[in-house]
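Reader: I have a model open and a few questions about it. Can we go through them one by one?
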Amino acid sequence: MTSSLTGELKWWQSGIIYQIYPRSFQDDSGDGVGDLRGITRRLPYVASLGVHAVWLSPIFRSPMRDFGYDVADYCDIDPLFGTLEDFDALVAEAHRLGLKVMLDYVPNHSSSDHAWFQEALQGKDNAKRDWYVWRDPAPGGGAPNNWKSFFGGPAWTLDEVSGQYYLHQFLPSQPDLNWRNPAVREAMFEVLRFWMRRGVDGFRVDVIWLLAEDERYLDEPANPNWQPGQPEHWSLLHPYTQDQPETHEYIREMRAVLDEFPDRMMVGEIYLPVEQLLPYAGTEDAQMVHLPFNFHLILMPWQAPQVRAFADSYDAACLSTRSWPNWVLGNHDQHRFRTRVGDAQYRVAQTLLLTLRGTPTVYYGDEIGMRDVPIPPERIMDPAALQQPDSPEAGRDPERTPMQWDAGANAGFSVPGTTPWLPLADDAAQVNVQAQEADSQSDLNYFRSLTRLRAAHPALVDGTYRSVDSSDTVFAFHREGHGERLTVLLNFSGESHDLPDLTRGETLLSSLGDQPLSGAPLRPNEARLLRA
């Protein structure tokens, strides 16, 4: 773990990670769903962004009830996306372009179609029975306890043949694996080895904080802050299904497997407060995930005081624990950040993501300013939405729509005459890669300007971070190292601010597309990067 200027940063510390949702990036087969050959064809574009790694959401063989997060074979590619040979070609092309490749790893649960679960259904004495989590009914009958699925309803389903219930924290077709069983752990570790032998450089580990459950199987307490209309899972607190001590043991074992191969890494999906999040990085002597995903920018109000306070506390906590920071504004489970913060603040947010100390993760399409796409009821695909029609926050389709490449048919995502698996944005003819490539003032070229500055100024990568007082609606901070000090000014308001002590210096980049003079006031909704 590295927390200060050392000159020895790993690729996952100095680089930018770019998440691709494979169903929605590029359809080369003409079936309306993105695929591996499409991604491979678009990798030169990805490399042109100045990013350093691509993370692919699940591409494993699956019945697609949860679009790949229900894995039926961990060591094969679903035919929808292509073949193992297509994957090998993708890895080869990515490496040729200087890009690392990361896969989504889904260890908490499999598909009910997986051969392991099909064997487990054969009876209580089957060798695979204990590969999943089974419980007898409650004393009065019914589910063993009150645990809720993330997708609504109980987290238990009755197997009528045996009379026992199995645990599933997501769909009933996603039974939870029993990580207390050493045979399960070894089988899942062999999955990691299989992909690393094929050249995979890292993994994003799905719901890693859920791997263990409290063995007492007690009811979970009600959440006093839950409101009707919010997802049903939020109606309970989760002391018995999340962040159990055993989970840390399993992740240390997982890390040891990654360390069998040189220069590999893993990011853990963990929705927890910082004091529970950072321990997932482990210690120097007992290491765990390289990057515990920090989702807090997604979840907090977009206001300068709150964002500054969190950045200060998180950076200090990372320094004290010798953890490497990381930042993200969007992913396949969260609304597009342009929709959340608004058009005026879009570049302010983009600047923040790419100038804070730590590793940024970028979601495909955010570099061109894609927004959430309204999904008509008859086009809804996401099981989280279909199972919770009374909870508008549950649906994830709006942020998963096809990439907007050009103004042609299907925005260049798929061939004419094809119906993409999700609707395209109404503004795809204007908001697309081709149009923005030709416009020097576009969001795409602003993104590239930011990544070029990161490459040209090492202080933005491993320099120190220090926020400074300015205004209640301005977040200002210094990044210092390698013989220079850079100042980042982020105006969260529609008002101008005269900040002569902070605006003196050479403007390296303004979100408004010009180069203000030294000392010029910070304008409404402006992000400005200066060199002292």
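Reader: How are H2 and H3 oriented to each other, roughly parallel or roughly perpendicular?
Author: This is a predicted model. In it, helix H2 (residues 36–48) and helix H3 (residues 84–96) pack at an angle of about 10 degrees. Angles under 35 degrees count as roughly parallel, so H2 and H3 are roughly parallel to each other.

Reader: How far apart are the axes of H2 and H3?
Author: The two axes are 9 Å apart.

Reader: Which residues meet there, H2 against H3?
Author: From H2 they are Leu36, Arg37, Ile39, Thr40, Leu43 and Pro44. On the H3 side they meet Asp86, Phe87, Ala89, Leu90, Glu93 and Ala94. By class, that contact has eight nonpolar, one polar and three charged residues.

Reader: Changing topic. Where does His114 lie?
Author: His114 is in the loop between strand S5 (100–105) and helix H4 (115–120).

Reader: Does His114 count as buried or exposed, and why?
Author: Buried, because its relative accessibility is 6% and the cut-off for buried is under 20%.

Reader: What is His114 in contact with, leaving aside its neighbours within four places in sequence?
Author: Val71, Ala72, Asp73, Tyr74 and Tyr132. As for Trp116, its backbone nitrogen lies 3.0 Å from a polar atom of the His114 side chain.

Reader: Last one, H11. How many of its residues are buried?
Author: Ten of the ten residues in H11 (residues 346–355) are buried. Among them are Tyr346, Arg347, Gln350 and Leu354.

Key: Residues are numbered from 1 along each chain as its sequence is written. This is a predicted model: local features need pLDDT of at least 70, side-chain atom pairs count only at pLDDT 80 or more; totals for chains, interfaces and linings use all residues. Side-chain values use heavy atoms; hydrogens and water are left out. Buried means under 20% relative accessible area, exposed over 50%, partly exposed in between (1.4 Å probe, protein chains only). Helices (H or I, at least four residues) and strands (E, at least two) are DSSP runs, numbered from the N terminus. A polar contact is a pair of N or O atoms within 3.5 Å; within protein, one must be able to donate a hydrogen and the other to accept it, and residues adjacent in sequence count only if both atoms are side-chain atoms. Contact means heavy atoms within 4.5 Å. Axes are lines fitted to C-alpha atoms, for helices over the stretch in contact, and angles run from 0 to 180 degrees between N-to-C directions. Angles under 35 degrees count as roughly parallel, over 145 as roughly antiparallel, 65 to 115 as roughly perpendicular and the rest as oblique. Ala, Val, Leu, Ile, Met, Phe, Trp, Tyr, Cys and Pro count as nonpolar, Asp, Glu, Lys and Arg as charged, and the others, Gly among them, as polar.
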